[in-house]
Amino acid sequence: MEASGGARRQFDINFASARGTAAFVLALAVAHSAGAQLLDATVDDLVRGQIERQVADQLTTVVQQHVERQVESGVVATVEQQVESSVVEAVEQQVASHVASTVEQAIEGQVVESVQQQVEAGVVDLIEQQVEGRVTDAVGDRVERLVAGAVEGKLGDVLDGAAAAGRALGEGASGVLEGAQEAAGQAAGQALGQRGADQGQPDARANAAFVAGLDAAGRAVERETWVILVPAQFAERIAGWGFTIRERRDLATLDRVLLRVDAPEDRDIAQAALELALDAPGTLVDFNHLYRAGAEPPHAGRAARGAPFVPEPSPPLRGVAIGLIDSAVATGHEALRAADIEQYDFVPYSDARPFEHGTAVASIIVGDSKAVHPLLAGARLYAASVFFADGAGHPAAATASLVAALEWLAANGVRTINMSLAGPPNRVLEGAVKETVARGAVVVAAVGNNGPVGEPLYPAAYESVVGVTAVDAANRIYRYANRGRQVTFAAPGVRIKVARSVGGYGVDSGTSLAAPYAAAIIASSLAIRAEQPADRVVAALESAAIDLGEKDFDEVFGYGLIAAMH
């Protein structure tokens, strides 16, 4: 029984336990179902809330970004406009200020530089030339006395014997020669006077005679006279400068006005140059310096030997013009009678006109006879007469005459101009030469016959001028020729047969006879290459020159012996 009762109790316990478990499970299931429903609702809420928040956040971000971009764009545009406006205004102000300052400085610099150069050049030239002139004169006189003494000592006996032998013949012929000289000189003077009259040329003899003076460096000038070269644009200011004007020439081709004035007593030339350069930039002031024909020194030809040089006849070259600034030309000479020569006198003084040097040079260029042959057959020669006989009877040409002659030749379209003369530097002459070259002309000049150590002579020493030295038939340098950087070409200039103004022919030497030879070649080359500018033609001639000294350029022969183009 006890066993049975224990089993019963055990069963009851198990049943009660199972029933409790079932109730728990049922309750749990019910709870689970409710929890699941609650969980689902919670999850939905969470998801919906998260989505809403993300959408709201994204919408907020988009709106904020859009607003920020618009605000930033507006701010940036406003700032950029303000900055750009400020920068442009600042830059414009700086540029305008810089340009104005630069222009003022340039104008002021040009005026100051021009004035300084003129004043400094005048002072330096005066000092240098005074010192060099005295030293050169002293050394030259000493050397000449030594050489002359040595030569005369050795040749005296020989010359005395020759003189005695020829005295009888000379006395018989002197009367005939003097008569011929007088007749030929009168005929040449009449020819020049007639040509001047035909051109409406004023009678120069109505003017006063030349009065000589010296500048501070001891160089010959017209006494108490200045020459002034004024740009034409400032011509109206001339009247206000207060000068007493002796001569005025309007140089239309060179766009300048040339004045020859009395030197005022109350100011010196450097002061005047400064004042005029400030009032009329580009105005040049200097003395009316004298220039001499570049012929050989007296008796220099005694050492020359050999047959005279006569160029080969050239074929006719029609339509070519060449200019000559020299003494008057005796156009009645047999070698020049048939030549095409237009002559004009630019001497404002009543002094006599020499003919010898210009006639000799003209005969080299266009002279044609049994004795001489032209370098430019058929060419037209424009001969500017600028020489007069000074107080000592020596040929001389004044600066003002040279400048007037350059204008005349430029106005006639002459592209090659020969100047077989030499003298000191002169600012007015240099300015006129530059203007002439700038208009397409080539200015050719003899370098001078002051010897290997002689100072440079002008206009040959100007940078824009073609300087010519002389060589003999063997291409040896003429012993009296100047040397230096101013030498451009060498040309025949020793023992050259030339026409004499009094009739007949003679033999001369010097750089002044070499210059026309080079000028003739340049003129024919310009005609051959008419489409090329003058400086290119001269450069081609430099390259084609026959080298006679050091390779390429040297200070004795320049680029070498000038050779004709074909």
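In which loop does Pro459 lie? Pro459 sits in the loop between β13 (442-446) and β14 (466-471), where strands are DSSP runs of E with at least two residues and helices are runs of H or I with at least four, both numbered from the N terminus. The model is predicted, so local features need pLDDT of at least 70 and side-chain atom pairs count only at pLDDT 80 or more, while totals for chains, interfaces and linings use all residues. Residues are numbered from 1 along each chain as its sequence is written, and side-chain values use heavy atoms, with hydrogens and water left out.

Most residues other than glycine have a negative phi, and most peptide bonds are trans. The bond from Tyr458 to Pro459, however, is cis, with omega near 15°. Arg495 is not a glycine, yet has a positive phi of about 55°. Arg495 turns up in the loop between β15 (487-492) and β16 (496-499). Its relative accessibility is 18%, so Arg495 counts as buried (under 20% relative accessible area; exposed is over 50% and partly exposed in between, with a 1.4 Å probe and protein chains only). Asp552, also not a glycine, has a positive phi of about 65° and belongs to the segment after α7 (534-544).

Then there is Asp368, placed in the loop between α3 (356-366) and β8 (380-385). With a relative accessible area of 48%, Asp368 is partly exposed. Setting aside neighbours within four places in sequence, Asp368 is in contact (heavy atoms within 4.5 Å) with Glu334, Ala335 and Pro374. Arg337 is 31 residues away from Asp368 along the chain, and their C-alpha atoms are separated by 8.8 Å.
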